[in-house]
Amino acid sequence: MTMALASPVGIKKPALAALGMLALATGALESVVTPTLPLLQRELDMSPAEGALLSIMLLITGALITPVAGKFGDRYGGKKVLIRLMAVVSVGGTVSSLAPNLPVLLLGQVLQGAMVGALPLSFIVVRKHLPAGDSKVAIGVVSGLFVGGGMAGTLSAGPVAEGLSRHWMFALPTLAVIGSTLLVHRLLPADPPGRSDDAGVDWPGLALLSGMLITLMLGLALAPDLGAQPLLLVAVVVLLAGFVAGWIAVERRAVAPMVDLAMLTRPGMWKSCVLTFVICIGTSVAVYLVPQLFAVSEDAYGFGASATETGFFLLPGAVAASLAGPLSGIGARRFGSRAVVTAGIVMMACALVALALVHTQIWHLIIGKMLVALANGLCVTAMVSSTATSVDESDTGIATSLILVTRVIGYAVGVQVSGAILTAGTPSGSDVPAESSFVTGFVMAGVVTALSLLVVRSMGKREKHTA
């Protein structure tokens, strides 16, 4: 791997190469579940709702740990925290590779979610050791290798799972993570810790937000069965309401809250959060339903695709997602963030409705998923850049953390609702959901996405050119 960096200061190219290898390995480990989810559901006898829960556990952990990891990296040094974080990821990958059942695999995914904090920690290290121009190049290289690792994982997970076993599809990238972490530990110089933050970490807020997200996800996963158990439904609702009320009370009183709720009262901020939530619902429905539809037997209405074939079918969507960021930035500079978000929402809504109406050929699903991935990248990048540049510099971290939490909740809700729809639409004694379940999911996501145009329309012209 060659990096065009001029005269590194305090950090050599082999150390940067080690960081790049770590990004590549973590990207591969993160992406192995999506193309192989139908295979995992069969081997572990999971319902669609349980499969949906598995697919989002890593994301939830990542959203919770990223702001903490960033704060600790600034306080104690990025390298020190990065190495410890990757030790947790390595344990998680090992647990996933050895998992005999769903609960153990869920535990492995929870631990693997720590990898989401690795990128910002890598950026902390790079910025401390390189001048501004070189650090931008290095950050771009590391980010690009993480995306490349995700594509490699998408392509390789199926062949490894089918040729060896599902255990090896976790074990191989985990071994790569362990090896690259050792290289980073050996080659990367330690970065000096920053000044201590007297406010500390909002541990109560973090714990309550974790409980809220887990309760919400479990409630959605159990949704198909809750109707027949009203007492359980009431218990879940009461528990969720308790977590929400407690979290709001704690965040209002915290000196340095994990999420500044006061900022949500600003029109630009709450509108950005609503749009991010809705857009991520639409995206996650396609992310979950399309691989499931690929895997449905040809004797029914699907294509009987293997995990290997599913990985190849999903690759164009991954490529589209990687291109969406630069395209969004160019579009926002020329036409404004509002125009980019509007175009992305229209594209996504049309693609989702088209998937509901036409899904009889493999290329229908490939094109539909690719358009949804492109639209999501356009919208989210434009929203993040618009939000980051429309608040005071001192509020950038708080504002982007709000977007991050909203993004995770939207994605998780969309996936869990999709899983619940398929579970409810699966006849007793069968493992094949009714085709109407897929249609319902796509239509629901398309309508919800289209309704977000009402929020975009309410954005003033002042917000249009904030990117």
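**Entry 1: T283**

I started with T283 and looked up its contacts (heavy atoms within 4.5 Å). Leaving aside neighbours within four places in sequence, T283 touches M348, V372 and N376. I then found T283 in helix 12; helices (H or I, at least four residues) and strands (E, at least two) are DSSP runs, numbered from the N terminus. Is T283 buried or exposed? Its relative accessible area is 7%, so T283 is buried. I use buried for under 20% relative accessible area, exposed for over 50% and partly exposed for in between, with a 1.4 Å probe and protein chains only.

**Entry 2: Ground rules**

I noted that this is a predicted model, where local features need pLDDT of at least 70, side-chain atom pairs count only at pLDDT 80 or more, and totals for chains, interfaces and linings use all residues. Residues are numbered from 1 along each chain as its sequence is written, and side-chain values use heavy atoms, with hydrogens and water left out.

**Entry 3: The whole chain**

I counted 19 helices and 0 strands in the chain. Of the 467 residues, 52% are buried. I also checked contacts between residues at least 6 apart in sequence: 81% of them join residues at least 24 apart. The chain exposes about 20000 Å², with 67% supplied by carbon and sulfur atoms; these areas come from the Shrake-Rupley method with a 1.4 Å probe, and for residues only the protein chains shown count as cover.

**Entry 4: Aromatic rings**

How many aromatic pairs does a search of the whole structure find? It finds 3. Rings of Phe, Tyr and Trp (its six-membered ring) pair if their centres lie within 6.5 Å; planes under 30 degrees apart count as stacked, over 60 as edge-to-face and the rest as tilted. F294 and F303 make a tilted pair, 6.3 Å centre to centre with 55 degrees between the planes. Both of these residues are buried. Y301 and F438 pair edge-to-face, at 6.1 Å and 70 degrees. Y301 sits in the loop between helix 12 (267–295) and helix 13 (307–335) and F438 in helix 17, so this pair ties together parts 137 residues apart in sequence. Y301 counts as buried at 18% relative accessibility, and F438 is buried at 1%. I also noted one aromatic cluster, formed by F294, F303 and F313.

**Entry 5: Helix 17**

I listed the buried residues of helix 17: S437, F438, G441, F442, A445, G446 and T449. They cover an arc of only 165 degrees around the axis, which puts them on the same side of helix 17. The arc is taken from the directions from the helix axis to the C-beta atoms.
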